[in-house]
Amino acid sequence: MSQYLVFRLYAPLASWGEAAVGETRPSGTCPGRGALLGLLGAALGLRRDDAEGQAALFGGFRVAVKQYRAGTLLSDYHTAQVPASQSRVRYRTRRDELNAPQKVIHTILSSRQYRCDGLWTVAVRATPAARQDLAVLREALFKPVFPLYLGRRACPLAAPLAPEVIERETLKAALDHEFEPLMSGQQSWLRPDAACLYVWEGTATDLDGDDRHVESNDVWDDPLNRDRWQFGPRKAFRRYQYAREVA
């Protein structure tokens, strides 16, 4: 038996950032490692410039996701005025940015993607290097230090995380943990996808000991430096399973 911290994520809007080139800011269908560790770090009160604390968090836990519902795709066209980067100049507030000299303020155009009404279960495992116990993370999710959101500040949570520390034989069994319904009649207005998606890190057999029908690819969402917004590659594994096959 292994111990896991499990919790659910739901919001009308979520944005799971992927590699962005040019004006398009795409969203994945489910949260990546960077998004989930960022959420845990915010709950614990870790600041982005706390390099030591961030590194301990990154190396201390592994995450996995079960996607019940990817949500529908929404694209939003943005315009934003921001000052150009300047050496020795740091803007601490939005007011400071807008009060910068007009000659350094530029308009940025972008198209940003969101997922509407997605629903995910997250499982967290501690590694031998973990500094915090899973119970500490659970309490932090109940009483977060900083506000929690799903990818962007414009995407606050719309339901309790309902974090629990459980023991299960496999990672898949932990991800299959059942939570209380968000509200009565949930199945009628928040229908799960025909096939749910399991995503995890580690090895191909870490989900349930079976590597059949497992896909993998390299993704750039392993946080290296939050202050400089740098991410490195890691191997991600995934398996689709039709709802009737999920035990």
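Start with helix α4: the elements that cover its buried residues include β1 (2-14), α1 (33-44), β5 (61-69), β7 and β8 (164-168). The model on screen is a predicted one.

**Stop 1: helix α4**

Select residues 134-142, which make up α4. Which residues of this helix are buried? Colour Leu-134, Leu-137, Ala-140 and Leu-141, which are buried. They lie on the same side of α4, because the arc they cover around the axis is only 115°.

Now go to the N-terminal end of α4, which Asp-133 caps. Show the side chain of Asp-133 and the backbone of Ala-135: a side-chain oxygen of Asp-133 is 2.8 Å from the backbone nitrogen of Ala-135.

**Stop 2: Leu-39**

Next select Leu-39, in helix α1. Is Leu-39 buried or exposed? Its relative accessibility is 6%, so Leu-39 counts as buried. Apart from neighbours within four places in sequence, Leu-39 is in contact with Phe-7, Leu-9, Leu-141, Leu-148, Tyr-149 and Leu-150. One of these, Leu-141, is among the buried residues of α4. Then draw a C-alpha to C-alpha line from Leu-39 to Gly-151: the two are 8.6 Å apart in space and 112 residues apart in sequence.

**Stop 3: Arg-8**

Move to strand β1 and select Arg-8. Arg-8 is buried but has no salt bridge. The nearest side chain of opposite charge belongs to Glu-180, 7.6 Å away. What does the side chain of Arg-8 reach at 2.5 Å? It reaches the backbone oxygen of Glu-180. Leaving out residues up to four places away in sequence, Arg-8 touches several others, including Trp-120, Pro-160, Phe-179 and Leu-182.

**Stop 4: the aromatic pairs**

Trp-120 leads on to the last topic. How many aromatic pairs does a search of the whole structure find? There are two. Select Trp-16 and Trp-120: their ring centres are 5.4 Å apart and their planes stand at 85°, so this pair is edge-to-face. Trp-16 is in strand β2 (residues 16-17) and Trp-120 in strand β7 (residues 105-126), so the pair links parts of the chain 104 residues apart. Both Trp-16 and Trp-120 are buried.

Finish with Trp-200 and Phe-237, a stacked pair with 6.1 Å from centre to centre and 20° between the planes. Trp-200 belongs to strand β9 (residues 195-201) and Phe-237 to strand β11 (residues 230-242), 37 residues apart. Trp-200 and Phe-237 are both buried.

Terms used:
Residues numbered from 1 in each chain as written. Predicted model: local features only at pLDDT ≥ 70, side-chain atom pairs only at ≥ 80, totals over all residues. Heavy atoms only, no water. Phe/Tyr/Trp six-rings, centres within 6.5 Å; stacked < 30°, edge-to-face > 60°. Helix = DSSP H or I, 4+ residues; strand = E, 2+ residues; numbered from the N terminus. Buried < 20%, exposed > 50% of the residue type's maximum accessible area, 1.4 Å probe, protein only. Arc of directions from axis to C-beta. Contact = heavy atoms within 4.5 Å. Polar contact = N/O pair within 3.5 Å; in protein donor to acceptor, adjacent residues only side chain to side chain. Lys, Arg positive; Asp, Glu negative; His and termini not counted. Salt bridge = Lys/Arg side-chain N within 4 Å of Asp/Glu carboxyl O.
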